[in-house]
Structure formats: C-alpha cells, structure tokens
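Thank you all for making the time this morning. I would like to walk you through one structure, and I will ask you to keep it on the screen while I talk.

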Amino acid sequence: MNSSAAFVEERNPTDWQSDAMQQRIRKRYAAERRFKALGISAIILSAGFLAFLMIVMVGNGLRGFTQTELPVEIDFPAMTGGATADQFRGANGPANLRTLGVQDIVNTSVQIQYGEEGSELFSAGGWQAVNQEILKNPQIVETKTTLYLPVESEIDVAFKGSGSETAENKVAELKDRLSTGFNWNFLTNSDATDPMQVGIWGALKGSLITMFITLLIAFPIGVLSALYLEEYAPKNRFTDLIEVSINNLAAVPSIIFGLLGLAVFLNLFGLPRSAALVGGLTLALMTMPVIVISGRNAVKAVPPSIREAALGIGASQMQVVFHHVLPLALPGILTGTIIGMARALGETAPLLMIGMRAFIATPPGGIVEPATVLPVQIFLWSDEVNRGFVEKTSAAIIVLLLFLLTMNALAIYLRNRFETRW
Amino acid sequence: MTGSILFMLIIVLGGIAWFFGRVKASRFSADNKKRGAVHSLPNYHGWYVALWAIGPALLFLMIWNMASPALITDAALTSPAAEQLPQDPFARGAILAEARSIASGQQVQAFNPLSQSMVEPYRTAISYYRTLGMVAALLLVFACGAFGWLKLKPELRARTKIERVTMLLLLFASLIATITTIGIFVSLIFESARFFSMVSPIDFLFGTEWNPKAVAGPRGETGFGAIPLFWGTVFIGAIIAMIVAIPLGLMSAIYLTQYAPPNFRAWMKPILEVLAGVPTVVYGYFAALTVAPALRDFAVSIGISGASSESALAAGVVMGIMIIPFVSSMADDSIAAVPSAMRDGSLAMGATKSETIKKVLIPAALPGVVGGVLLAVSRAIGETMIVVMAAGLAANMTANPFSSVTTVTTQIVKLLTGDQEFDSPKTLAAFALGLVLFIVTLLLNLIALRVVKKYREAYE
C-alpha cells in the first residue's frame, strides 16, 4: 500500500514538449504521410497504366482509319472505247462494269504515269475503289478523271511513320504526290491478306449475330431462373445445388466453356464449326450466370409490400411475379444483362476453341455460316507478320472499345434513370 | 435455314391461335356476366390454345430432328449407288458422313468419288424427310390448336393450367445452370479418361518434359509431363501477377476508403473498374506489342541473359494490372465490414490513421483480403489471351522472369487450334489440362468463399 503510493508520487506527468517526444511524433507523422503518399501513388500508377494503354491504342489505331493515296489520271474515253455513263446506272450497272475490265484500265493508266514498275506502288486490290467510284458517279467514264488510289502497304507504313529502307526511299521520291485519305474500306470490308484491303465489317457482323444469339438464349433463361430462385424455390438441398452451380459457373475460366462447346456442341450435337450459332450458345452459357446473379439482386430489391398488396387484391402468385415484381426489377436485370453482354462481346478464348478463328473473307450470311468475331479478328491480325497490320489491329481495338464503352454507358444510364430505391 | 423459317411459322401460328382463343373466351365472358361463372381471364384462354398449338409441334420437331438422320441414312442406303460402298464399317461411315455434309451444303467438294455418287440419294432422302417432318409439324399445329380451342369453356381452369406450365418452365430454366456444370464436368472427365487410357496420369501430373507428340517415342516417352505448364501458370498467375496486383489493389482500396475525399472516390473508383472491363485480347496485344519489347530491351541493357521477346514478366505484369480492380474491390468490402468501434477505439487511443489501418483494420480484415486474393489467383490462372499472346510456347522450368514460359491455358489453345484429329492424345491432352484447371479454380473458389463467409460471421 505504502510503496504504491510512493510510486504515484514519484511519477512525473508525460512531458509532451520534450525533445524525445517531439521527435517521436514527427516520426509518426512522417510515416503517416508516407503511407498516404503510397496510397495515392498506387492509384496514380493504376490509372496511369490505363491512360497509357488507351494512348498507345489510340495513337496506333487512328492511323488505321486513314490510307495513303497516289493520284492516278484515267483517260476513260480513250481506254473504254466510248462507254457511256448510262451503261453503269441501274440494275445492269455492276454486270456492265465487269465486262469493262477496270483492272486493266487502271493498270495501264498507272504504268503510263509511274513507269513499268508503277503497279508495284499500289495496293493490289486498289482498282476496286475505281469500280465503286464508277457505280457511285457514272459520269466519270465519259471524262478524263483523276482518282486517288491506295498505295501498297509498305509505302503506307513508311509514309505514316517509319518503314523499311526501300519503302522510305520510294516515299522520299513521291513525297509531294502522296496524300492521306479516309479509309472507307476499313469499315466495309472483311478480312484479307493485304493490310490495305482489310476491314472489320465481316468480324463486326459476326459479333452482332453471335451477340444476338447469346442474348436470345441467356436473357430469358437468366431472368426465369432468377425469378424461380428468388420467388418460388423451396429451401432444400436441391435449391442449394442450383445456387452452388450458378455461383460456380460465374467463376469458371472462360476457356473451359470453350472446351464444353467443342465437346458438346461440335462433337456430340454435330453443329457446324466456326458458326455464329455455336459461338452464341457457348457465350450464352457463360453470360447466363451473370444475368441470374444480377437478376436475383434486382428481384430481391423489390419490397415485399408490393407483393403483399397484389396478393391482397386477389392476384395469383404467378400474376404477382409477372405483373408486378418483374416489371419493377427489369431495369436492374437489364443493367446486369448489358454488363454480361459487354463481357461476352470482348471474349476471345472460348471462341478459339470452337474454331471461330478461320480466315473469313466474306461477312457471314446466317447463323450457321462460318463467322469470326471482333476480338478474334484482333487476335488473328496481331499474329500477322506484315507491319501494315499493327495499325489495323489497334484500329479494330478502338472500334471494340467504343462498343464496350457505349454498352457500359447505356448500363449506367439505365441504372440511374430507372432504378428505384425503396 | 428452312428449319428456322418453320420455327418462325409455328410461332406465328401460335400467335394466331392465341388470338382465336382469346376471341372465343371474350365472347363467353361477355355472355356470362355472373360473378365467378368464368374461371379465367380471356388472356389465359388465349395462352391455353397457343400452348396447345405450339407445344406438341415443337416437341415433335425435336424428336424428329433426333430420329431423322438414321432414317435418312437408311433411305439413302437402299439406293442403287449404295451397292458399291465398301463393307468395312469405318470406310463406309466416312463416305456416308462426307456425302451427307455435301448434300446438306456444309461442304462443297468430295475427296472420295464414292461419296459424290452418294450425294444424290442423300439429297433426295433429306428433302423427303424434311418435307415429311414439316408437313407433320404443321398438321400437329392445326390439329392440337383446334383441340385446345374446342376445349375452351367458361369453367375451364385455364389460368391454373398456364401457371403450372410456367412453373415448369421456371424450374427448367434454373436447371440449365446445373446441367451446364454437370456437362462441363462430364465432358472433361470423359475426354480426359480417353487421354489417360493412352498416357499414364502419373507421367502427366509429375512428368517434367512437355513436348507433346502424337505417337510415343522409342522409350515410350510421350512428352506429356505437365509440371512445366503448372509451374508457368503459377509463376505468371500466382506470383508475378499478384506481386503487382496485391500492393496496388490493396493500397488503392485503402486510400479510396480511408483518405480520399468523396468526390475523388466517386470518380476514381469507376475509372479503376474500367481496367477490369477492357477485353483480355486488348491486354494481350498491349503486352506483346509494347510491354514485352520494352522489358526485353531493359533486360538486355542490364545484362540479363536469356531475355526473350515473350516473357513471363510481360504477361504477369499486364495480368496483374487487369486484376487490380478485383483485389481492390474485395479489399474494399472486407475493410468496410470491420466494425467501426474497432477503428474508433484505435483512433481514440491516439493512433494515427495509418497506424490504425496497419495495426487494426488490416489484421481484422485479413481473412477477407486473403479470400479476395484467392479469387484473384483463380481468375489469373484461368486467364487465356494475355498469356497466349505474350508468354510464349516454350515449356521452360525457370524462375527467370525475363525468359519465356508457357501455361496451361496457352497449351490448351495451342493443342486445339492445330490439327483436328479428335482421337489423338494431343487433342485429348487439352481436355486433361482443362480438367486440372477446372478442379483447381473450383477448389480455390470454394476455399475463398468459405474463408470470406467464416470471417463475416465472426463480426456479425
């Protein structure tokens, strides 16, 4: 007793102003500032990486939307032997054009102006631009016209940036005649071996068809199972099994779905390889769990009072669900669906498994025809040796990212506009 | 194409049936004004007739589609051209399959002249059975639709019946996920079993040489030792990617939840989430085009040997960046779940914010963070495009991050996009790799979910 009282008397109050204490506090505050700086630098690093990625893609890709051109003067009256503009109007136009031999006319004109080796300066399929020009504006076949045709890929690369030595020399030679034009081919053509002639329309159309099938299958199934699990499912082992498999499917690597598609849809059911139908089915199985999970949350968010009110005025259980709960939950379900679809749109690996990596030079006409999709097209182009494909790959990536951005913006808009908080 | 037109036609006819049923029901509802005389609303009667019209016809078409290939083959075999076919069942089957695919327009040119002779019988048989099926289906639509329509009367419990069918539909829809899971499991196990009948599982799981050949070598070696692939997968997905993703993700989450002003947080969180939304093929292209050459030049400049243009580091770093939002959102959730009393208590004792975070919040949130990291690992090892495009194909067992390694997913893609013999062990090996991947990701997910759940319960 005595000793403890003595202890209390001996103890001095903490001297906060002492040097040792001040130093400790300074140290602790410095640690605090360091920690905070670490946090902000982590964020800046992550966001900086995103910005870097975007800048690289846009920087490379914008060039893919343009092409380098050289003027070619074509003396149509002299070379066609007096073709008239009327021949190329109306339904017979394309047939008449085929007999005209545009390719030879263009080749001759090129050789007149650029010498014997002149054709090598131009992209091999470039004369098709003249075809399109004639169909669009038949008047030109009666006059002497100057048209701008795309140059050969190496010269294109050299003019836009830096290319091989021979190409650079040619660019220096032609410097004042080369010009840049918008590359419409890129938006309307399909895959090709010449980077000057490739386009994304074939892949884009394949993507749209595939997405349509995915939506057609995944949306109804996803919504119906979300409704079942939230509104009807009894609490038992069977329901647990369904829940576990949905949560598990959402975490299965996408390539496994590709293996499933290969083993079941192609080998067991004998569906055609490379078809948008199989791609759509495979992606639907992948997207469905995402829709179910978001759908369940949306259904869960509908307050019970609405169900009770509907039941109270005599609606059947089914009427409550389909007339009241579903419409109220729909914005939430749609948001989840769009996010799931955006993920499916960017998916590549499972589609490689089911053979959607073939060289497809014509846009698919139906759901069982060989097709490819935008991400797979990007993958295929990234493998090309020709340097002309670098900018085309990045340009295709820009298109893909634009689509994803639009879909996500739509999802955010839907969420903000229609989602009610009770 | 005729199949989908027929389908559309049946759906349209179903719509017409709905209309007729509804009209009839509206009429007798108007006649029976007494309360309760008509059991269901006209709409349900419409649906009742439509279901009668569509249901049996679609069911018939489904069965028909399964049964008709056998009938078509039988019919084609009765043709005179079939007499020249070889007796050997394998050669016979190959010719018939080729003829069928030409006749149905999937293939243009025959390799075997015998198949060409079989095309015509096939074509006639196909068109005969197709027409037969079409006519029968349409007849079914009309007959059953009429039957349903005739059954309509005021006291018919149409709503109850419709609701029962809808209930079955709901149940069926929710079963699809289970069926898919079972389908994945069964197909992987089935194909893997065929693979393991050719290559011993021990050699596959513990062999160290990966160099798949279609035929075994002189000493029986098959080159299906998957250890280098497992190492490459772990090296890229669980080591390099996590070294990038854990600090960046965790620190981002901590800053955004503990320090950032609300405005900054509202902007920054979605921006970071964009990282998870960028398609993996874009990351792969970026890794191969920009990151990998830069890293190789760097390695060469500081004198590291064995630097290649496809490196584990390039794939791992880019994958780690892709995973950042994943880690940060899991960390965010688990930090937010720590009771605020613990945090307030620490601050009240005079600890600074960073001391509170380091000594109280993180230890308390650790199980949740660990669960999140496990989920991130499971996602990283299943990731395909980045490694396919940036990690390379050489099965090296090396810890040098600048050299090329290969992963399970890369090899699955490589094995399945080359030759297309379905029975060769090279193709089947892809399914065995897929099975390993599936089981490992499944286990990681189950463990992670259990850890997270346990920890949530601890604070509730």
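In which kind of crossing, left-handed or right-handed, does H2(B) pass H5(B)? Before I answer, please bear in mind that this is a predicted model, in which local features need a pLDDT of at least 70 and side-chain atom pairs count only at pLDDT 80 or more, while totals for chains, interfaces and linings use all residues. Residues are numbered from 1 along each chain as its sequence is written, and chains are lettered from A and ligands numbered from 1 in the order in which they are written.

The crossing of H2(B) with H5(B) is left-handed, a term used if the near helix is turned anticlockwise from the far one by less than a right angle, with right-handed used if it is turned clockwise. Helices here are DSSP runs of H or I with at least four residues, numbered from the N terminus. Helix H2 of chain B covers residues 42–77 and helix H5 of chain B covers residues 158–198, and the two pack at an angle of about 55° with their axes 8 Å apart. That angle makes H2(B) oblique to H5(B), given that angles under 35 degrees count as roughly parallel, over 145 as roughly antiparallel, 65 to 115 as roughly perpendicular and the rest as oblique. The axes are lines fitted to C-alpha atoms, for helices over the stretch in contact, and the angles run from 0 to 180 degrees between N-to-C directions.

Among the residues that meet here are B:Trp47 and B:Leu51 in H2(B) and B:Ile162 and B:Val165 in H5(B), where contact requires C-beta atoms, placed from the backbone, within 7 Å. The residues of this contact divide into seven nonpolar, one polar and two charged; Ala, Val, Leu, Ile, Met, Phe, Trp, Tyr, Cys and Pro count as nonpolar, Asp, Glu, Lys and Arg as charged, and the others, Gly among them, as polar.

Let me turn to how the two chains meet. The contact takes 65 residues from chain B and 66 residues from chain A, and H5(B) supplies the largest share of chain B's side, namely 19 residues. That side of chain B divides into 39 nonpolar, 22 polar and four charged residues. For the complex, the predictor gives an ipTM of 0.87 and a pTM of 0.86. Chain B averages a pLDDT of 84, with 92% of its residues scoring at least 70, on a confidence scale that runs for each residue from 0 to 100.

Now to chain A, where helix H10 (residues 201–232) and helix H15 (residues 317–345) pack at an angle of about 140°, with their axes 9 Å apart. H10(A) and H15(A) are therefore oblique to each other, and H10(A) passes H15(A) in a right-handed crossing. Their contact includes A:Phe219 of H10(A) and A:Ile333 of H15(A), and by class it has 12 nonpolar, three polar and one charged residues.

Finally, the domains, whose bounds come from an automatic or database domain assignment. Chain A is divided into domain 1 (66–183) and domain 2 (201–418), with 44 Å between their centres, taken over C-alpha atoms. Chain B has domain 1 (2–156) and domain 2 (227–459), and 50 Å separate their centres, taken over C-alpha atoms.

Terms used
pLDDT = per-residue confidence, 0-100. Contact = placed C-beta atoms within 7 Å.
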